[in-house]
Amino acid sequence: MRIPSLKLLLGFEAAARHGNFSRAADELCLSQSAISHQVQQLEQQLGQPLFRRVGRGVELTVAGEVLQQSVRRALDNLEGGLGRIAGYMDPGLVVLVCPAAVAQGWLQPRLDALRRRLPALSLLLSTDESARFVDEVDVDIVIADRPLQQPGVAERRWLADEWIVAAAPQLARTLEAAPPAEHAGRAGLLCLEDGFTDARAGALLRGHLAGFRRTGIYDDARLLLDAALRGHGVACLPALLADEALADGRLVRLSGYPSAPGAQYWLARADGEARAAIVASVADWLIEEAGLSRRPASVWASIATPLCCCSGSK
């Protein structure tokens, strides 16, 4: 069966809800005869009477009740969908894709400063790293651990991470008061599951930290950070993830423990003029906050020297 037009269904729904063609007409800014005609057309298309007259109003037939329930559900879904996309119509919207660990440890603590600079900003921050194509899914800026190498996209080296060894202050004081040879007996090791397959982090875990019992292995960096903050053990974790905690003293880098190079992150956006000035402003801010000089988009990809992150700096 062909689905009736939305105009007919809206007229029917209003009449069914009010039980009166005149009030439905007032709501939709139509004449009573227009509503009556729409209902008549709908009944003809469906081959079913939908209303019966009751005094000065109308009431639904059984078929009308079934249709009203279906139309109401459909309209509710439609209204919900329109509400969800309303945010995408905000002129200040900027869609930024960023790895969860970088978003939590480095970016989130700095967003107040960004919003003060750009009061009109409506930032949609996504940690869905599968959305790696600028503009393909309405993505404005991507922070990724490798170049996108996508046509029409300008990108440059951004921050370089590192693997560090850190602990909550109380545990750090306990360990630093003891000889290094006794550290493994006084605390367990917290690490990422991926750390063992990472060539550089793996060397650190199998080398300097090999004597520690692994008391917590996580597949989510945010859970690793939480465990370290709770003092559950010595953590081998990315410095960018721990950036805020190191800056405010909730985590302490353990002296005498080496670090290892981590991921090199890249910043990507559409080449040439941004679709909106606020997108370019956010990209410029990300570069400035990372301590990098602004360069024209056309030469972003030619910058070869990474910036090593200084954990704890703001």
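A: With a relative accessibility of 5%, His-183 counts as buried, where buried stands for under 20% relative accessible area, exposed for over 50% and partly exposed for values in between, using a 1.4 Å probe and protein chains only. This is a predicted model, in which local features need pLDDT of at least 70 and side-chain atom pairs count only at pLDDT 80 or more, while totals for chains, interfaces and linings use all residues. Residues are numbered from 1 along each chain as its sequence is written, and side-chain values use heavy atoms, with hydrogens and water left out.

His-183 lies in helix H8; helices (H or I, at least four residues) and strands (E, at least two) are DSSP runs, numbered from the N terminus. If residues up to four places away in sequence are not counted, His-183 touches Leu-175, Glu-176, Ala-178, Phe-212 and Tyr-257, a contact being heavy atoms within 4.5 Å.

Leu-175 leads us to helix H7 (residues 169-176), where Leu-171, Ala-172 and Leu-175 are buried. These three cover an arc of only 100° around the axis, which puts them on the same side of H7; the arc is taken from the directions that run from the helix axis to the C-beta atoms. Gln-170 and Arg-173 are exposed, and they sit on the face of H7 that is turned away from its buried side. The buried residues of H7 pack against strand S6 (153-167), helix H8 (183-186), strand S9 (234-238) and strand S10 (252-253).

The axes of H2 (residues 21-28) and H3 (residues 32-46) come within 8 Å and cross at roughly 105°. H2 and H3 are therefore roughly perpendicular to each other, a label for angles of 65 to 115 degrees, whereas under 35 counts as roughly parallel, over 145 as roughly antiparallel and the rest as oblique. Phe-21, Ser-22, Ala-24, Ala-25 and Leu-28 in H2 meet Gln-32, Ile-35, Ser-36 and Val-39 in H3.

Between these two helices, the loop holds Cys-29, whose phi is near 60°, a positive value in a residue other than glycine. Cys-29 has 71% relative accessibility and so counts as exposed. Gln-149, in the loop between strand S5 (141-144) and S6, also has a positive phi, of about 50°, although it is not a glycine, and at 68% relative accessibility Gln-149 counts as exposed. Most residues other than glycine have a negative phi.

To place these parts in the whole, the protein has twelve helices and twelve strands, and buried residues make up 45% of its 314 residues. Of the contacts in the protein with a separation of 6 or more, 73% are between residues 24 or more positions apart.

Definitions and conventions: Axes fitted to C-alpha atoms, helices over the stretch in contact; angles between N-to-C directions.
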